[in-house]
Amino acid sequence: MQDALIPYLKDIGRGKDGARPMTREQACHAWSLLLNGDTDALATGAFLMAMRIKGETPQEMAGFLDATHAALQYPDWPQDERLTVVIPSYNGARKLPLLTPLLAHLLARQGLRVLLHGMATEERRVSVPQVLEPLRALLPVSDQDPVWIDTATLHPGLARLLDARRQMGLRNSAHSLVKLMNPCPTGRSLVLGSYTHPEYALSMAATVAVMQDHALLLRGTEGEVVADARRQPRMEGLVRGQRVWLSEAQSGSLATLPELPDGTDPQATAQYIADVLADRLPAPEPIRQQVAIILQLAAQVGA
């Protein structure tokens, strides 16, 4: 019996110049097959590699997101009027302290509901749960605290596709998808999406436009959505798929550098975050600016 992915492979597997794009509906069906494990390993690997060579169109990525959103096990959120900020974390920290939890707590203190989701995709990087664990011991517990949810809890099939990198050695469409995924199907929400290469800023914004979603896109810190604590990055805000705000990256020489921990040690990072939240240390100015921008976007989402 022919694998159900084969008809799609015949279109997308013709190389970068010869491949034909899928429609949004076709992409949704193909990605549903992958999520549900309804294809064999050979066809799955061939599809992921073909998409990496061809590159996803905004319509294809929207279809992948449609399939993912329809299949997620959504968190049980309390019903209230707060806007939810969705923070994906799939890169972690390689050289710099991982300050994604600091951003999450600063946003929560502004009355926003904050959901972090992710999983470790590289062995040698520090992940958000590794920082959150010591941080919880340093902070008072509050019902308003950010919530972390592992990708495998949202959908085991999605976690399996992300984990294919360990066998294939390369990222695939799932790694791009999770940066725009929204695990909040009801109520108002704003997704923070990061990119490492400038060309992805265009493709991500185009996908948000197709989805008619709300997002803040920026060149994050080592792939994380938190602004680089040393220098303000480029940021673009979209509401209902339309650009409403754009900040170019900070240029010129820096007068001062923030007092950051050396390296990526989770305990030292957690202590630094706790000190900032307790006002014993100042929050880095780029992250303060990022919080202010998110609050501006949140107000427009609710308008």
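In the predicted model, a polar atom of the Asn 172 side chain lies 3.0 Å from the backbone oxygen of Leu 161. The side chain of Asn 172 also reaches the backbone nitrogen of Ala 174, at a distance of 2.8 Å. Asn 172 is situated in the loop between helix H9 and helix H10, the latter formed by residues 173–177. Its relative accessible area is 5%; because buried residues are those under 20%, Asn 172 belongs to the buried class. When neighbours within four places in sequence are left aside, the residues in contact with Asn 172 are Leu 48, Leu 161 and Ala 164.

Helix H4 and helix H9, the latter comprising residues 156–168, pack with their axes 12 Å apart and at an angle of about 90°. Angles of 65 to 115 degrees count as roughly perpendicular, and H4 and H9 are therefore described as roughly perpendicular to each other. On the side of H4, the contact is made by Thr 44, Gly 45, Leu 48 and Met 49, while H9 contributes Leu 161, Ala 164 and Met 168.

Thr 44 also takes part in a polar contact, in which its side chain is joined to that of Thr 39 at 2.6 Å. Thr 39 is placed in the loop between H3 and H4, where H4 spans residues 41–54. With a relative accessible area of 13%, Thr 39 is buried. Apart from neighbours within four places in sequence, Thr 39 is in contact with Asp 3, Leu 5, Leu 33, Leu 34 and Thr 44.

The largest nonpolar core has 50 residues, of which Met 22, Trp 31, Phe 47, Phe 64, Leu 177 and Met 181 touch the most other members. The greatest contribution to this core comes from helix H3, residues 24–36, which supplies 6 residues. Another core, of 45 residues, lies apart from it and includes Ala 229, Ala 270, Ala 283 and Ala 298. Within the largest core, Met 181 is one of the residues that touch the most other members. If residues up to four places away in sequence are not counted, Met 181 touches Leu 65, Thr 68, His 69, Leu 72, Val 86, Tyr 90, His 117, Leu 154, Leu 158 and Val 191.

Helix H6 is mostly covered, as 9 of its 9 residues are buried. These residues are Thr 100, Pro 101, Leu 102, Leu 103, Ala 104, His 105, Leu 106, Leu 107 and Ala 108. The buried residues of H6 pack against both strands and helices: the strands are E1 (84–89), E2 (113–118) and E4 (189–195), and the helices are H7, H12 (266–277) and H13 (285–301). Confidence in the chain is highest in H6, at a mean pLDDT of 98, and lowest in helix H2 (residues 15–18), at 80. For the chain, the average pLDDT is 91, and 95% of the residues score at least 70.

Of the elements that pack against H6, helix H7 (residues 128–136) has an axis that comes within 9 Å of the axis of H6 and crosses it at roughly 60°. H6 and H7 are therefore oblique to each other. Thr 100, Pro 101 and His 105 of H6 make the contact with Val 128, Val 131, Leu 132 and Leu 135 of H7.

Several loop residues remain to be described. Asp 143 is located in the loop between H7 and strand E3, which covers residues 147–150. Asp 143 is exposed, with a relative accessible area of 76%. Its C-alpha atom is separated by 49 Å from that of Gly 13, a residue 130 places away along the chain.

Two further loop residues concern the backbone. Most residues other than glycine have a negative phi. Gln 212, by contrast, has a positive phi, near 60°, and is found in the loop between helix H11 (198–211) and strand E5 (215–219). Its relative accessibility is 44%, so Gln 212 counts as partly exposed. A positive phi of about 65° is likewise found in Asp 279, which is not a glycine. Asp 279 occupies the loop between H12 and H13. With a relative accessible area of 70%, Asp 279 is exposed.

Terms used. Residues are numbered from 1 along each chain as its sequence is written. Side-chain values use heavy atoms; hydrogens and water are left out. pLDDT is the predictor's confidence in each residue, from 0 to 100. Helices (H or I, at least four residues) and strands (E, at least two) are DSSP runs, numbered from the N terminus. A nonpolar core is a set of buried Ala, Val, Leu, Ile, Met, Phe, Trp, Tyr and Cys residues joined through side-chain atoms within 4.5 Å. Buried means under 20% relative accessible area, exposed over 50%, partly exposed in between (1.4 Å probe, protein chains only). Contact means heavy atoms within 4.5 Å. A polar contact is a pair of N or O atoms within 3.5 Å; within protein, one must be able to donate a hydrogen and the other to accept it, and residues adjacent in sequence count only if both atoms are side-chain atoms. Axes are lines fitted to C-alpha atoms, for helices over the stretch in contact, and angles run from 0 to 180 degrees between N-to-C directions. Angles under 35 degrees count as roughly parallel, over 145 as roughly antiparallel, 65 to 115 as roughly perpendicular and the rest as oblique.
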